[in-house]
Amino acid sequence: MNKYLSALFIFIVFLGIYYMGSFTRIPFADCVGFVLTAEKEIWVPTADATSHFLYNNTVILVKLLTGLNAIEASRFVVVTSGAATVSVIYITLGNLIRKDWVAVTAAVVFGFSFSFWRNAEIVEVYTYNTLWVSLFFLFYDKGFCRK
């Protein structure tokens with residue numbers, strides 16, 4: 001099977017799993033700040049350790065483009081990022097190891113790991129961050145390790 005078709009399948013499966021288990025209300029106090037920033041549409045102009053510049057601005061952009069409320073826009077960004085991360089891990093490992101069953105197993109184990117699964121279902125920046133980190137490793141492999 002084509003690895004990109006397999007990655008799409010993995011993405012859809014994990015998107016469904018994470019979406020079904022994800023929040024419909026703000027789960028705890030840490031999340032309130034992210035949702036409030038998105039609801040007020042306060043664009044974050046600075047990037048520092050506490051501003052979460054990229055995450056907050058992406059949620060606001062999704063909110064404006066789709067017309068969703070701040071909670072649903074945050075839910076979309078978190079759940080989609082989590083599912084996409086699992087797919088990118090599968091593709092990266094498939095490129096490195098060249099054994100499909102190992103890549104699928106590692107991606108599924110990562111996707112179902114307690115910490116990642118938990119963070120893929122609440123309003124937090126972790127899955128969005130892991131998406132960018134996993135994309136970095138994928139492009140690093142493609143750009144510098146492959147000819």
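I take a polar contact to be a pair of N or O atoms within 3.5 Å; within protein, one must be able to donate a hydrogen and the other to accept it, and residues adjacent in sequence count only if both atoms are side-chain atoms. Helices are DSSP runs (H or I, at least four residues), numbered from the N terminus.

This is a predicted model, where local features need pLDDT of at least 70, side-chain atom pairs count only at pLDDT 80 or more, and totals for chains, interfaces and linings use all residues. Residues are numbered from 1 along each chain as its sequence is written, and side-chain values use heavy atoms, with hydrogens and water left out.

**Entry 1: helix H4**

I began with H4, residues 70-97. I looked up its N-terminal cap and found Asn 69, with a side-chain oxygen 3.1 Å from the backbone nitrogen of Ile 71. H4 has 28 residues and reaches 40 Å from first C-alpha to last, close to the 40 Å expected. The expected span is 1.5 Å times one less than the number of residues. After H4 comes Arg 98, with a positive phi near 70°.

I then checked burial (buried is under 20% relative accessible area, exposed over 50%, partly exposed in between; 1.4 Å probe, protein chains only). H4 is mostly covered, with 20 of its 28 residues buried.

**Entry 2: the cores**

I looked for nonpolar cores, meaning sets of buried Ala, Val, Leu, Ile, Met, Phe, Trp, Tyr and Cys residues joined through side-chain atoms within 4.5 Å. The largest has 19 residues, and Phe 14, Tyr 18, Val 86 and Tyr 90 have the most contacts inside it. Helices H1 (3-21), H4, H5 (100-112) and H7 (126-145) each give two or more residues to this core. H4 supplies the largest share, eight residues. A second, separate core has 16 residues, among them Val 35, Ile 60, Ala 73 and Val 123.

Beyond its neighbours within four places in sequence, Tyr 90 is in contact with residues including Lys 3, Ile 10, Asp 100 and Ala 107.

**Entry 3: Ser 87**

Ser 87 is in helix H4. Is Ser 87 buried or exposed? I find Ser 87 buried, at a relative accessible area of 7%. A polar atom of its side chain lies 2.8 Å from the backbone oxygen of Ala 7. The Ser 87 side chain also reaches the backbone nitrogen of Phe 11 at 3.1 Å. Not counting residues up to four places away in sequence, Ser 87 touches Ala 7, Ile 10 and Phe 11.

**Entry 4: aromatics**

I searched for ring pairs (Phe, Tyr and the six-membered ring of Trp; centres within 6.5 Å; planes under 30 degrees apart stacked, over 60 edge-to-face, the rest tilted). The whole structure gives 11 aromatic pairs. Phe 110 and Phe 116 have ring centres 4.6 Å apart and planes at 40°, so I log the pair as tilted. Phe 110 is partly exposed at 29%, whereas Phe 116 is buried at 6%.

For Tyr 128 and Trp 132, the centres are 6.2 Å apart and the planes at 80°, so this pair is edge-to-face. These two are four residues apart in helix H7, about one helical turn. Tyr 128 is buried at 10%; Trp 132 is partly exposed at 44%.

I also noted one aromatic cluster formed by Phe 14, Tyr 18, Phe 110, Phe 112, Phe 116 and Trp 117.

Definitions and conventions:
Contact = heavy atoms within 4.5 Å.
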